[in-house]
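Subject: Structure for you to look at

Hello,

I am passing on a structure for you to look at. My notes come after it.

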Amino acid sequence: MAQRTLLAIAAAIPLGIAVPAAAQLPYAVNGADLADASGEAIYANSCANCHGLDGTGVEPSLLAFEEEMPDFTDCDFAAREPDGDWIAVAHEGGPVRGFSEMMPAFRGALSEEQLERVMGYIRSLCTDDNWPRGELNLPRPLVTEKAYPEDEWVVEAGVDLEGDGAAAGAYVYERRYGPRSQVEVVIPYGWRGSRAGSHDHGTDDDRAPGAGDGGSHGLGDIVLGVKHALYHSSQTGTIFSLGGEVFLATGDEEAGLGAPGNAVEAFAAFGQILPNDAFIQAQAGVEAPLYEDAANEVFGRFVLGATFTEGQWGRAWTPMVEVQARRDLESGAATHLDLIPQVQVALNTRQHVLGNIGVLVPVGSVANERARPMRLVAYVLLDWFDGGFFEGW
Ligand code: HEC
């Protein structure tokens, strides 16, 4: 048996942790044997003492520590965690991702290659492959909707860098239903200066209020959304979803905080993993205002990005370049084109609190409209399934 494991178990015994006698394990507890051992054998040897032979975690009453053991057979939990994070935890110990130090470090005892074998086995414990794998949960861009169904709280903010500095924020709540569906609520809030202007529905950047006469602030147009992943494959690294949103005219139109009426939107979203931790994401859709004298709008968004980590196990940084185009479905309508360079970074050790900051640069110079301002845009998001905001720092 590997030395680190022996140490972990030796340390555990006086605390009263249930460590099955070697004879009860179906595999030899012998370091030399693990070199070519299957993932299952390594798991039984090194992990089962705490995680249980069946992966559901040893009975809490038999463990001397308070931590709740994860259940590797629970697809709702297990499928969403990418292998990379789990290998980091097994190699470096719980604290590398803000978990308990009762999860020991196996570096020195098990190679990364052996840990990959173990992960292969742990993956087989969730037997329902309806659940899209966490690897397909690509970093969230500033405006493109992801294809992956999430459990998230996001606080978005944007401020115009030109003009009167109109600012907008939004609280976004996303909740997953079952393996592949998600519902979403967006509650926007806006502050504006005293420049005349107009507001229309559509994108995260202009969901924010425009301007009327004199400064004002208030609630914008609330958005309700649903999304469903129609296709996903961890083999090819692909995920594809369809979704719909309803924009409710809750914002004060007079004050420039909302549209004149409700609107609906339908969209498709796509994500594809590329080599070297790079990825592309895309979204395309159509938005239909439900009030008179308003044209339907089509939009497309595209993102290219790549994730880099500090050292081998450290903080994740994801620079991305996002492009969005939108156009009213009317002959002669102008196409609005924006370029949004940005960088997302994990803010805490568990990497389930993330921030993203970028600049929305209008690049399509468009007739029949006032020049659109450059805008600083940012968000902070909490993947609340992985813990509270203050956990794992
Ligand atoms: C001494 C007991 C012990 C042993 C042995 C052990 N673990 Fe753990 N493990 C824990 C505890 C406790 C946690 C929960 C930590 C927390 O929630 O803060 C944990 C958590 C984990 C997690 C994180 C799950 C999540 O929430 O994302 C992974 C992955 C993991 N263990 C893998 C392994 C692997 C692989 C092995 C064997 C190579 C192993 N563990 C051996 C105690 C152990």
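Below are notes on the whole chain, the ligand site, the helices and a few single residues.

The model is predicted, not experimental. The protein has 393 residues, and 50% of them count as buried. Its secondary structure consists of six helices and 14 strands. Among contacts with a separation of 6 or more, 58% join residues 24 or more positions apart. The accessible surface comes to about 17600 Å², and carbon and sulfur atoms hold 59% of that.

Ligand site

The ligand is surrounded by 23 residues, of which C47, C50, H51, S100 and M103 are the closest. By class, 19 residues of this shell are nonpolar, three are polar and one is charged. Three helices each supply at least two residues of the shell: α3 (48-51), α5 (83-92) and α6 (112-123).

These polar pairs involve the ligand:
- The side chain of H51 places an N or O atom 2.7 Å from a nitrogen atom of the ligand.
- The backbone of S100 has an N or O atom 2.7 Å from an oxygen atom of the ligand.
- A polar side-chain atom of W86 is 3.1 Å from an oxygen atom of the ligand.

Helices

W86 is also one of the buried residues of α5, together with I87, A88, V89, A90 and H91. The cover over the buried part of α5 includes α4 and α6. Just after α5 comes G93, with a positive phi of about 95 degrees.

In α6 there are 12 residues, and the distance from the first C-alpha to the last is 16 Å, close to the 16 Å expected at 1.5 Å a residue. Q114, L115, V118, M119, Y121, I122 and R123 are the buried residues of α6. An α-helix has 3.6 residues a turn, so residues three or four places apart point the same way. The buried residues of α6 pack against α2 (39-46), α4 (75-78) and α5.

As for α2, it is largely enclosed by the rest of the structure, because seven of its eight residues are buried. The buried residues in α2 are G39, A41, I42, Y43, A44, N45 and S46.

Single residues

A269 sits in strand β7 (residues 263-274). With a relative accessible area of 0%, A269 is buried. Leaving aside neighbours within four places in sequence, A269 is in contact with E145, K146, A147, I239, F240, S241, A282 and Q283. One of these, A282, is 13 residues from A269 along the chain, and their C-alpha atoms are 5.7 Å apart.

Most residues other than glycine have a negative phi. N276 is not a glycine, yet has a positive phi of about 60 degrees. Q351 is not a glycine either, and its phi is positive at about 65 degrees. N276 is in the loop between β7 and β8 (278-289), while Q351 is in the loop between β12 (335-346) and β13 (353-362).

Are these two residues buried or exposed? N276 counts as exposed because its relative accessibility is 72%, over the 50% cut-off. Q351 counts as buried because its relative accessibility is 16%, under the 20% cut-off.

Regards

Conventions. Residues numbered from 1 in each chain as written. Predicted model: local features only at pLDDT ≥ 70, side-chain atom pairs only at ≥ 80, totals over all residues. Heavy atoms only, no water. Near = heavy atom within 4 Å. Polar contact = N/O pair within 3.5 Å; in protein donor to acceptor, adjacent residues only side chain to side chain. Helix = DSSP H or I, 4+ residues; strand = E, 2+ residues; numbered from the N terminus. Nonpolar A, V, L, I, M, F, W, Y, C, P; charged D, E, K, R; others polar. Expected span 1.5 Å × (residues − 1). Buried < 20%, exposed > 50% of the residue type's maximum accessible area, 1.4 Å probe, protein only. Contact = heavy atoms within 4.5 Å. Areas by Shrake-Rupley, 256 points an atom, 1.4 Å probe, with all protein chains shown as cover.
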